[in-house]
Amino acid sequence: MRILVTGGAGFIGSHLCERLVEDGHAVTALDNLSTGVASNLSGLSSSANFDFIEGSILDIELLNELIDQSDYIFHLAAAVGVFNIVNNPLASLLTNIRGTENVLEGALRRNIPVFITSSSEVYGKNVSDSLRESDDRILGSPVTLRWSYSEAKAIDESLAYAYFVEKKLETRIVRFFNTVGPRQLGAYGMVVPRFVRAALNNEPITIYGTGEQTRCFGHVYDAVEAVIRIAFSPDTIGKVINIGNDFEISINDLAQRVISETGSKSSVVYVPYEEAYGDGFEDMERRVPNIELINQLVGWKPQRDLSTMISDIAKEMNSTN
Ligand SMILES: NC(=O)c1ccc[n+]([C@@H]2O[C@H](COP(=O)([O-])OP(=O)(O)OC[C@H]3O[C@@H](n4cnc5c(N)ncnc54)[C@H](O)[C@@H]3O)[C@@H](O)[C@H]2O)c1
């Protein structure tokens, strides 16, 4: 297939491009390099089956030109990361809503399948033991900027679903829970690479809030396997599906795991949320995926544990230092 991957120079996108090329597809990555980096794709630069185009999903002419040459779209381009969203709220909203609308409209024009990547952020502050795809969203005020990412991703889902129901467009929607692994940048507030980097440098590890909040982390290689299985299954069309790992750990325990597994001498320091993100910042205490649906539809379960995630990230950081 000729496949367009928006956000292909990003963390998950670059791993996905590699996998698609490996599977024999011809892949074009479109990315404006806002949080993605061209070097993520260096392993593909000599492949005859891969092209990188620097540009934006907001450039409709360019986007449609690329869609015209494609049989399938994976849409991963987005403004991501809490720091990024809080500091650039307008540009983030426009990228995440208008950009997705452009992709869906382009897919409809050609009537080709489109794969939408949403987020566990849509669940907001719902702290139930096991979040199912149909569960309620619990959000703070729309003018608490942190929630604008959740709002945008939810609108993306509703749009994609409406294109499926009304226009019979072949859409699939996934909600990634925290996904970690090589190539993820710590600069946008992503906690695991930030902790591993500090630990490797024997610098203090900064925890926002009390550290008693818990999180679940999934390995990017597991996430890409899930994406591939969902993308090419007839049973997943029109569905919304969680992708995540349901092993839960507190941020305090995560810091200790990172310190011990990297043999670090780092200490841990605590910074109040308000100091890190500004007044009125809200965070969720926990977020645990229910992964029964993905298991039932495509037989997927996470294969890699937290130790593997930490060591894979550390290995990459050591090799690029
Ligand atoms: N990593 C996670 O834990 C996680 C969790 C939930 C959802 N997601 C979603 O998965 C997708 C990929 O995220 P990621 O973690 O790889 O982050 P990422 O920042 O590495 O990837 C996003 C990519 O989109 C690109 N981009 C941004 N605006 C663009 C534009 N206007 N035009 C073209 N490209 C643009 C960026 O440069 C970047 O390469 C995103 O849609 C994100 O919302 C990721």
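1. Is K168 buried or exposed? Keep in mind that this is a predicted model. K168 is exposed, because 12 other C-beta atoms lie within 10 Å, and 12 or fewer counts as exposed. You will find K168 in the loop between helix 5 (148-167) and strand 6 (171-176). Its backbone deserves a look too: K168 has a positive phi of about 60° although it is not a glycine.

2. L33 sits in the loop between strand 2 and strand 3. With 14 C-beta neighbours inside 10 Å, L33 counts as partly exposed.

3. Seven strands form an open sheet with parallel pairing, in the order 3-2-1-4-5-6-11. Strand 3 (50-54) and strand 11 (240-243) stand at the edges; each has a single partner strand, so one side of each lacks a neighbour in the sheet. From one strand to the next, the twist averages 20°.

4. One pairing can be followed residue by residue. Strand 1 (residues 2-6) and strand 4 (residues 72-75) run parallel and are joined by four bridges. L4 has I73 of strand 4 as its bridge partner. Helix 1 (residues 11-22) packs on the sheet, where it touches strand 1, strand 2 (26-31), strand 3 and strand 4. The direction of helix 1 makes about 165° with that of strand 2.

5. What does V224 contact, leaving aside its neighbours within four places in sequence? The partners are H15, L16 and R19. V224 belongs to helix 7 (residues 220-231). Between V224 and L16 there are 208 residues in sequence, yet their C-alpha atoms are 5.8 Å apart in space. V224 counts as buried because it has 22 C-beta neighbours inside 10 Å, where the cut-off is 20 or more.

Key. Residues are numbered from 1 along each chain as its sequence is written. This is a predicted model: local features need pLDDT of at least 70, side-chain atom pairs count only at pLDDT 80 or more; totals for chains, interfaces and linings use all residues. Two strands pair if DSSP finds at least two bridges between them. Helices (H or I, at least four residues) and strands (E, at least two) are DSSP runs, numbered from the N terminus. Axes are lines fitted to C-alpha atoms, for helices over the stretch in contact, and angles run from 0 to 180 degrees between N-to-C directions. Two residues are in contact if their C-beta atoms, placed from the backbone, lie within 7 Å.
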